[in-house]
Amino acid sequence: MLPVIEYLLSYSVPAGLERQALSALTLNPDHRWHERMDHALFVVTAQHEGSRVGVGIVHNAVTAPTQAPRPLELGGMFVHPAYRRLGIRQHMAESRLTYALSMGGTPITVIAHHNQTSWNYYGRSARWTPECEYLSDVTGRPMTIWVSTESPWHRTGRGLVPLVPAQPNTALPHYTQVHRPPLGPGQDNAVPA
Ligand SMILES: CC(C)(COP(=O)(O)OP(=O)(O)OC[C@H]1O[C@@H](n2cnc3c(N)ncnc32)[C@H](O)[C@@H]1OP(=O)(O)O)[C@@H](O)C(=O)NCCC(=O)NCCS
């Protein structure tokens, strides 16, 4: 039977015991890991029977040479080896992207070319597209910055109308009225909302 996974969302920097528990999930909670955690705006945690089995964050400690305005980086993704291939990354990645888009920034993520699992995921998703490649100062390895295809920056750069994040009180653009063909007899059965 598949384990029942709970997803918890937080909008503050993980500190104290919570930071320790999330850091223990990763193989190498180094300086960069803590820098990202220190700038976390959103944290999604996967839990199984009270234990943390996955984490993903959105942060603004961006070091990659992106041209995107107001970049919000989706990073710090890690799933415990015993819980992989259950769709946990898929779930956490979607919730990170929804958050970053709703904040009005440009969601980006940085993938090392040798990380085949992540490369496959972003490469086949219509929601992401490569922005540029660069060599990491830290590892000397090639990396690619991916940018959200739903971000206003990406869409306007391609002459597309920006998608309006579904937030309360968002002013929608004024669209030209659509002219519909006249209804026939008995077709005007719309119920007012
Ligand atoms: C990369 C990583 C986060 C993926 O986590 P995950 O929870 O196993 O990811 P998912 O389950 O969503 O997807 C993994 C694969 O399992 C498949 N899958 C998902 N649910 C499945 C299921 N119920 N049964 C079988 N396969 C399934 C997915 O289709 C995906 O296939 P793919 O490898 O062909 O793309 C995890 O391997 C990890 O923590 N790696 C080390 C750290 C790392 O690389 N982090 C990312 C840095 S960018």
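Reply: Happy to! Sorted by class, the lining of the largest pocket holds 20 nonpolar, 15 polar and eleven charged residues (nonpolar means Ala, Val, Leu, Ile, Met, Phe, Trp, Tyr, Cys and Pro; charged means Asp, Glu, Lys and Arg; the others, Gly among them, are polar). Please keep in mind that this is a predicted model, in which local features need pLDDT of at least 70 and side-chain atom pairs count only at pLDDT 80 or more, while totals for chains, interfaces and linings use all residues. Residues are numbered from 1 along each chain as its sequence is written, and side-chain values use heavy atoms, with hydrogens and water left out.

A pocket here is an open set of points on a 1 Å grid over the protein atoms alone, with protein on both sides within 12 Å along at least five of seven lines; a cavity is a set where a 1.4 Å probe fits but cannot get out, and lining residues have an atom within 4 Å of a point. The largest pocket has a volume of about 1,700 Å³, taken as the space filled by probe spheres set on the points, which are joined across faces, edges and corners.

In total 46 residues line the largest pocket, and Arg36, Gly76, Met77, Val110 and Asn115 lie nearest its centre. Two or more lining residues come from each of helix 2 (31–38), strand 4 (71–79), helix 3 (88–102), strand 5 (106–112), helix 4 (116–124) and strand 6 (128–135). Strand 4 contributes the most, seven residues. These elements are DSSP runs numbered from the N terminus: helices are H or I, at least four residues, and strands are E, at least two.

Now for the ligand. The space it takes is the largest pocket, meaning that more than half of its atoms lie within 2 Å of the grid points. Strand 4, helix 3 and helix 4 each give two or more residues to the shell around the ligand. That shell has 14 residues, with Met77, Val79, Arg85, Gly87 and Arg124 coming nearest (a heavy atom within 4 Å counts as near). By class, the shell divides into six nonpolar, four polar and four charged residues.

Oxygen atoms of the ligand also make polar contacts (N or O pairs within 3.5 Å): 2.8 Å to a polar backbone atom of Arg85, 3.0 Å to a backbone N or O atom of Arg89, and 3.0 Å to a side-chain N or O atom of Asn115. Alone, the ligand exposes 950 Å², of which the protein buries 68% (Shrake-Rupley areas, 1.4 Å probe).

Methods
A polar contact is a pair of N or O atoms within 3.5 Å; within protein, one must be able to donate a hydrogen and the other to accept it, and residues adjacent in sequence count only if both atoms are side-chain atoms.
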